[in-house]
Amino acid sequence: MAKKLIGDPIDRIDGTQKVTGSARYSADVKRPGLVHGVLVMSTVANGTIQTLDTTETLRLPGILAVMSHTNAPKLGGMDKNKSGETASDRVLHVFQDNLVHYNNQPIAMVIADTFEQAVEGASLVRVTYATEPVKPGLPTSTDKPLTPPRLPRVDDQVDTTRGDVKKGMAGAASTLEATYKTPTQFHNALEPHAVLSFWEGDKLTMYTTTQGISGYQKRVAELFGMPKENVRVITQYLGGGFGSKGTTFSQAMLGPMAAKLVGKPVKLVLKREHMFGMVGSRSATVQTMNVGATADGQLTAMTHDTLAQTSAFDEFMEPAGTITRMLYACPNLATTHKFIKANVGSTSPMRAPGEAPGVFALECAIDEMADKLKIDPLQFRLKNYAEEDPHRNRPFSSKSLRECYQQGADQFGWSKRAKQPRATRDGNYLVGMGMATTVYPVNRGESTAMVRLNTDGTVRLETGTQDLGTGTFTIMNQLAAEVLGLSPDQVTLGAGDSKYPEAVGSGGSRTTVTTGSAVTQAAQEVLKKAKKMAYSDKKSPLYAVAEAEIEAKNGRLESKSDPKKGESFTSLLKRNGNKPIEATTLSKSGAEKETHSMSAFGAIFVEVRVDEALGEVRISRMLGNIAAGKIVNAKTAKSQILGGMVWGVSMALHEYAALDTRNARIMNPNLAEYHVPVNADIRDIDAIFIDEADETVNPAGVKGIGEIGIVGTVSAIANAIYHATGKRHYDLPITVEKLIG
Amino acid sequence: MAEKDTYLIDGSNRRWFLKQSSALTGLLLAPPLVATSAQSTQRQPTVPPSGKRAITLRINKKTYKIDVEPRETLLDVLRERLDLTGTKKGCDHGQCGACTVHVDGRQSNACLMLAVMHQHQEITTIEGLAPSKSQLHPLQAAFVKHDGYQCGFCTPGQIMSGVAIIRQGHANSPDEIREWMSGNICRCAAYRGIVEAIGSVQKEGKTV
Amino acid sequence: MKSFDYVQASQPADALRLIGAAPSSRFIAGGTNLVDLIKYEVENPGTLVDISQLPLTKIEKTATGIRIGALARNSDVAANKLIASQFPLLSEALLAGASPQLRNMATMGGNLLQRTRCNYFYDPSQPCNKRAPGSGCGAIGGYNRIHAILGASPQCIATNPSDMNVALSALDAVVQISGPNGNRSVPVIDFHRLPGDTPQKDSVLEPDELIVAIDLPTPKNAGKSHYLKVRDRASYAFAIISVAARLAVDGGVIREARLALGGVAHKPWRLVAVENQLIGKPATDATFQAAARQLLAGAQPHEHNAFKIKLAQSAIVRALQTVA
């Protein structure tokens, strides 16, 4: 069956709710008797709490309790509070001891009748500490680097080698060594983390901000030491996450603990400044690349050594070297990953963890090598194009990178690029063009979906997924509708609630790949049952017609060769007991995981204008050409890529945690000084999808698109700045002080 | 759309929230569109408890009489006291624009306004923008059409700013829109869709 | 946010009486800075005296120029035809500041009193002599990218964050003040102070005084003006460096010059001697570069802000080129 590779650009099904303000995000939910929690944070980075004086707080009107290590409910599952197998299981700080591991760590919570009372109460808690020397983290740390126990994706090796790097370097006509630095970044979804919790007996309900309802439910239950059936997690609308809501962080426990302590529903919403530490960060990295190539541009050897930071109490490793292993056909290659421990909040996945900082280093090094060899950077990449995955020695399920390069170059006008850097001037501006490869692996987990074809011809779809803003809810309906030959508005969706079948967490661009496959398979199963019902039913016009000859179209089953021969779902079901047809399918990877390498690919092109006197850089044009399998919804998918590309701008030019190294305190914990792009920073920007049919990758035929937008954009910008100014930048972000000539 | 039963509060039982709130805080809600003068309330002579002030707010053409502490911001009053949760709290410090409302027609950050200081001004929130329950404001419809959002959290503030700049004549070119919309951060970065949505409404010359 | 009392004044005289009557009271109008500071627990007023309803919003012609009421909104002043035509430098600076929302709320008087964005001032867990005199300066030896390179003291290296103040300084604006002992006038260049040993005082305004108006005198020589702002993003960001420049040039020779720098000191940085030296000089890059060097003479950088010296000089030259 020929399916559309680029799906209809339909409007989001929750669009009206979002534009009218009727969409209730977790902090918008109300309960009778609701009270408010506000956190108290540590002001030292390492030590123990000596005294925690609540006298002044408890004197205020409306204060119900101050929860801290002195009185917090003891948790039955604290043995599980350790760095887990999956990236989303991190060590939490839930008031079970008096230890402080980083500056701005939650140490107490004030619970009061009103928000204002709780805020004032929190300001009056007096804390004294016995402090220890502070380890501030990268890039100043002088601690011995350690080898991490694992990378976040369990099947990724920590270190790899292939071929003989020494020999490869010796055989190179040209070699390059460069060290790249990336800063600590914070996700800063616009919606602060919120959790409204209430207990009914031993049953806990939470309206909360999570990218993974099922994982959150399990984690909360296991830390409380209770069955997960006793925890209900609801995330109807999520105001962005970018990874910081993928991990179940401390507030997920502190909220329900407070609700238990005061016996009332408690709403806990993080202040913006609380989001700089306790809800994760992208680790700072120091990465060293070595590249060797022949004079005619064949890579002979590469090494990529990553040093990251992790928190003093945890073991998350930023996996920056994994893409280098597979992106180019380079025979001799080695990658290593190490971290140092520091008094910082949890490092954790942030949009394209590993890939974003790692490909910045890789694609800047590739660009620099091309320049050294006097080869066009796009040609250099084509010369080293990997037809198969050189790391796994497997074919790609599909790879349309060549087409992305070609179409992107044509549309962007790459051929007009000056051969020399610093060759184009327009008034006060130096103008440059840069490009980079972008890539993101297909990550597939496990999801279950239920599809029910009702007797009125409508469909009910249920799966415990969540929509971060990516369009998941819209897309799931589209996938089910497409299989069953219906219009998406004939599908109603039950999601955003742990009462629905378990679905994968939305991280690592997994959702459409995994849950979309489950929906597709469940819908296919329903269709199969309906077809069988038809061809087995003597009263059906399709009686005895071969299954393969029947297709679903416009609410009907009909013969492919003779569309008039057929009937509506409604009449078929009515005649057959007037009962719905239902299927529940658990979907997970199959043999393709062992036989193929699966990634989305693309090319990013950027034009920058740099005013060297004033240290100002403006991105005048950006284009992303992406091949990511089937695109379910052209409209929401484009927004995903554009958003990712703007994240690339943000990483390249804006974001960094301003650290006071004396006390490891973040000094810009707000949106006035922690800069992310505003509207005026983004001008001509576009994303185009390349048709790519992939029957192998998964039943939905899709690859993830949530992260690929950022990955190549960072280096494309750095490369464009080089082309404009003739100066390479190895240290992000590229701010005014680095640009003034 | 996702199942309706997952909200504890919907249109029908919103009432008990307000009632509950009233018991806690002495809130009196005037019926929609019924003008309530200060003299007509029975509570007028009494002093509200613990430093609270009886104030009158005009929001979305309705009159609300409510007791507030001077420290309560307009944003918190809208969200926590009046259940007008369309206006969002993104930063609480005037750094993101998610709380943008109109005060006498001017786009303003509700998080930095003390409710007690804004009596007798016409306040409009996202809930008051659409002409009717069944009809979207042209800019709301344009945001849906142009995908001027992803997660939707900044969207009410974006739309309130967008309507204001169209009315004020600051939406005449993409660059002008970009500059005048820069007080509203969209972390999903739907900036292109936002500019297209505002530009399309401005071009159509519709009354907004 | 601690509880505070609230009173509303309807006339300036009421306001002065109310501010004197209650301890630790503060005036509030737009609230864009004060409410923010109260939320961060930097300011802890006992009483707020609401002056937003005082009749001080007019923008009117006077015999010597234009008078702007202290409670005129930044957005109204920026859009005002008199201002835009006669003092475009002020419009430009106002529109370069903050966001449309904040400009709609912020008043002229409040903007004059806008407090520093120093990271340590804003974080009550950290030492800051401006917020808590005697506690020390966290920025010295800490994170000090946005901090002062001129006129700082061992007690404080904070900068004044306002764009408007830089323009007002270059426009020779005069602040009109009412107090319990009558009225007084203070030129903007003398209104803000250097930190010295009392960084807690941003300006010469006493706590019981009220700004009622800002006067803009018509310049002797018509000329061109420009506000140049260098910032980390294209909009909605504080200045790293800004320059307000006014130049009257006749036959290639400078007749009058005003040059104020933002982002470098505790107050808008102006050196009248440097401006006077420009008079009679040719309007050339060499002249501009010399002025830029003189204006930055004696600059003392800290760990993260040494770049500001070169950047400020480049910005001065660019601004002067623009108005030459």
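Of the 208 residues in chain B, 54% are buried, a residue being buried if 20 or more other C-beta atoms, placed from the backbone, lie within 10 Å of its own. Please bear in mind that this is a predicted model, in which local features need pLDDT of at least 70, side-chain atom pairs count only at pLDDT 80 or more, and totals for chains, interfaces and linings use all residues. Residues are numbered from 1 along each chain as its sequence is written, while chains are lettered from A and ligands numbered from 1 in the order in which they are written.

Let me stay with chain B. Its secondary structure comes to 6 helices and 6 strands; these are DSSP runs numbered from the N terminus, with helices (H or I) of at least four residues and strands (E) of at least two. Along the sequence, the pattern reads α-β-β-β-α-β-β-β-α-α-α-α. Among the contacts in chain B with a separation of 6 or more, 59% join residues 24 or more positions apart. Two residues are in contact if their C-beta atoms, placed from the backbone, lie within 7 Å.

How is chain B divided into domains? There are domain 1 (16–128) and domain 2 (138–204), with bounds that come from an automatic or database domain assignment. Where these two touch, domain 1 of chain B supplies 13 residues and domain 2 of chain B supplies 11 residues. On the domain 1 side, strand S4 (residues 100–103) of chain B provides the largest share, 3 residues. That side consists of 5 nonpolar, 7 polar and 1 charged residues. Here Ala, Val, Leu, Ile, Met, Phe, Trp, Tyr, Cys and Pro count as nonpolar, Asp, Glu, Lys and Arg as charged, and the others, Gly among them, as polar.

I turn now to chain A. Its domains are domain 1 (29–133 + 191–239 + 245–275), domain 2 (352–443 + 594–739) and domain 3 (445–588). The C-alpha centres of domain 1 and domain 2 of chain A are 38 Å apart. Their contact takes 7 residues from domain 1 of chain A and 7 residues from domain 2 of chain A. The domain 1 side of that contact has 3 nonpolar, 2 polar and 2 charged residues.

Finally, chain C has domain 1 (5–50) and domain 2 (224–323), whose C-alpha centres lie 36 Å apart. Which residues of chain C give the most to the side that touches chain A? In this interface, 23 residues of chain C are in contact with 26 residues of chain A. Helix H12 (residues 307–323) of chain C gives the most to the chain C side, with 6 residues. That side of chain C divides into 10 nonpolar, 6 polar and 7 charged residues.

Definitions and conventions:
Buried ≥ 20, exposed ≤ 12 C-beta atoms within 10 Å, placed from the backbone.
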